[in-house]
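The exercises below are meant to be worked through with the sequence and the structure side by side. Try each task before reading its solution.

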Amino acid sequence: MRLAVVGKGGAGKSVIAATLARTLARRGHRVLALDSDPLPGLTYSLGADPPAAESPLLAATERREDKRWHFVRGVGPARVVQRFSTPAPDGVRVLQLPKTTREGMAPVIGATQAFYKTIHGLNRVVSLREWVILGDLPAGPRQVAFEWAPYAEHFVLVVEPTWQSMLTSRRIARLVEEARPGTRVSLVVNKSTGPADEELVSGVLSLPVLQAVPVDEGVRSAELAGVALLDHAPDSAAVRAIERLADGLERGSVVS
Ligand SMILES: Nc1ncnc2c1ncn2[C@@H]1O[C@H](COP(=O)(O)OP(=O)(O)O)[C@@H](O)[C@H]1O
Ligand SMILES: [Mg+2]
């Protein structure tokens with residue numbers, strides 16, 4: 001399974017990606033979660049420790065005489081995952097895009113290059129062939145399809161039943177279709193209040209709904225408590241819905 005979770009900011013990408021990652025890990029999958037958003041939402045939603053102030057990826061690349069960034073000797077995408085990913089609950093491994101520093105992105109260019117080169121090499125890493133790779137993408141539609149999810153064979157589009165979210169999502173779906181014709185795009189309707197919401201979103205996007213996730217107080221209170229949804233409200237309707245999403249994705253990956 002090679003998934004990219006995409007959608008408008010605030011749609012619920014991070015909480016759904018994180019809960020899905022841990023659910024799949026609990027079912028015995030080895031899971032690599034990619035936090036591709038400069039705002040570290042996924043890491044928090046997983047209940048993992050906050051990212052280190054200095055990205056471990058800084059050690060993975062060097063700038064050579066050609067003025068370009070290269071992996072240091074002995075390091076490639078497989079090593080980066082092995083050495084520089086960090087642990088999250090349930091055995092999930094996380095690779096984190098470096099966060100903007102007070103001095104901007106300049107001090108972390110090398111680490112950003114390491115992340116970028118790694119995600120572009122993931123599909124060639126033999127030792128990861130059986131892994132679930134799951135990326136939480138930044139909100140903007142443009143970078144999504146082209147540069148930041150090269151590993152993805154399935155885009156999970158998280159949509160709220162609001163016009164803003166639906167229209168942004170429709171653009172994302174079209175960009176994916178243009179850039180990567182034939183790539184699977186599935187809808188997750190989040191913060192749903194019922195079947196009417198699902199019908200509305202499905203109609204506007206002309207895509208079938210893979211799963212609806214209800215609006216759920218547990219999600220908000222988990223966030224307020226600073227605890228992962230799966231730990232804070234394991235019996236909530238939102239968690240049950242994300243478990244059904246995992247069912248659907250597991251079935252889909254077997255069929256294809
Ligand atoms: N099913 C839900 N029910 C209630 N609140 C939700 C639900 N899903 C997400 N939220 C809330 O929506 C906000 C955005 O979620 P987040 O996962 O950070 O979105 P994104 O990563 O797409 O920006 C958070 O405050 C989160 O608690
Ligand atoms: Mg997020």
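Two strands count as paired if DSSP finds at least two bridges between them. The model used in these exercises is a predicted one.

**Exercise 1. Find the order of the strands in the open sheet of eight strands, and state which strands stand at its edges.**

Solution. Reading across the sheet, the order is S5-S6-S2-S7-S1-S8-S9-S10, and the pairing is mixed. Strand S5 (86-87) and strand S10 (209-214) stand at the edges with a single partner strand each, so one side of each has no neighbour in the sheet. As background to the next exercise, strands of a sheet pair through backbone hydrogen bonds, in either the parallel or the antiparallel sense.

**Exercise 2. Trace the bridges that link S7 to S1 and to S2, and then those that link S2 to S6.**

Solution. Begin with strand S1 (residues 2-7) and strand S7 (residues 132-136), which are parallel and share four bridges. Within this pair, leucine 3 has leucine 134 of S7 as its bridge partner, and alanine 4 stands opposite glycine 135.

Next, turn to S2, which runs parallel to S7 and is joined to it by five bridges. Here leucine 32 is partnered with isoleucine 133 of S7, while alanine 33 stands opposite leucine 134.

Finally, S2 and S6 also run parallel, with four bridges between them, and in S6 the bridge partner of alanine 33 is valine 94.

**Exercise 3. Decide for S7 and S2 which residues point which way, and how many of them are buried.**

Solution. The step needs one cut-off: a residue is buried if 20 or more other C-beta atoms lie within 10 Å of its own. In S7, five of the five residues are buried; Val132, Leu134 and Asp136 point one way, whereas Ile133 and Gly135 point the other way. In S2, Val31, Ala33 and Asp35 point one way and Leu32 and Leu34 the other. Five of the five residues of S2 are buried, so this strand is largely enclosed by the rest of the structure.

**Exercise 4. Work out where the buried residues of helix H3 lie around its axis, and what covers them.**

Solution. In helix H3 (residues 77-84), the buried residues are Pro77, Val80, Val81 and Phe84. Seen down the axis, the buried residues of H3 fall within an arc of 110°, so they line one face of the helix. An α-helix has 3.6 residues a turn, so residues three or four places apart point the same way. The cover over the buried residues of H3 includes strand S2 (31-35), strand S6 (93-96) and helix H4 (109-121).

**Exercise 5. Locate aspartate 90 and lysine 191, and say whether each is buried or partly exposed.**

Solution. Aspartate 90 lies in the loop between S5 and S6 and, although not a glycine, has a positive phi of about 70°. With 17 other C-beta atoms within 10 Å, aspartate 90 is partly exposed. Lysine 191, in strand S9 (residues 184-192), has a phi near 60°, again a positive value in a residue other than glycine. Lysine 191 has 21 C-beta neighbours inside 10 Å and so counts as buried.

Conventions. Residues numbered from 1 in each chain as written. Chains lettered and ligands numbered in written order. Predicted model: local features only at pLDDT ≥ 70, side-chain atom pairs only at ≥ 80, totals over all residues. Helix = DSSP H or I, 4+ residues; strand = E, 2+ residues; numbered from the N terminus. Buried ≥ 20, exposed ≤ 12 C-beta atoms within 10 Å, placed from the backbone. Arc of directions from axis to C-beta. Contact = placed C-beta atoms within 7 Å.
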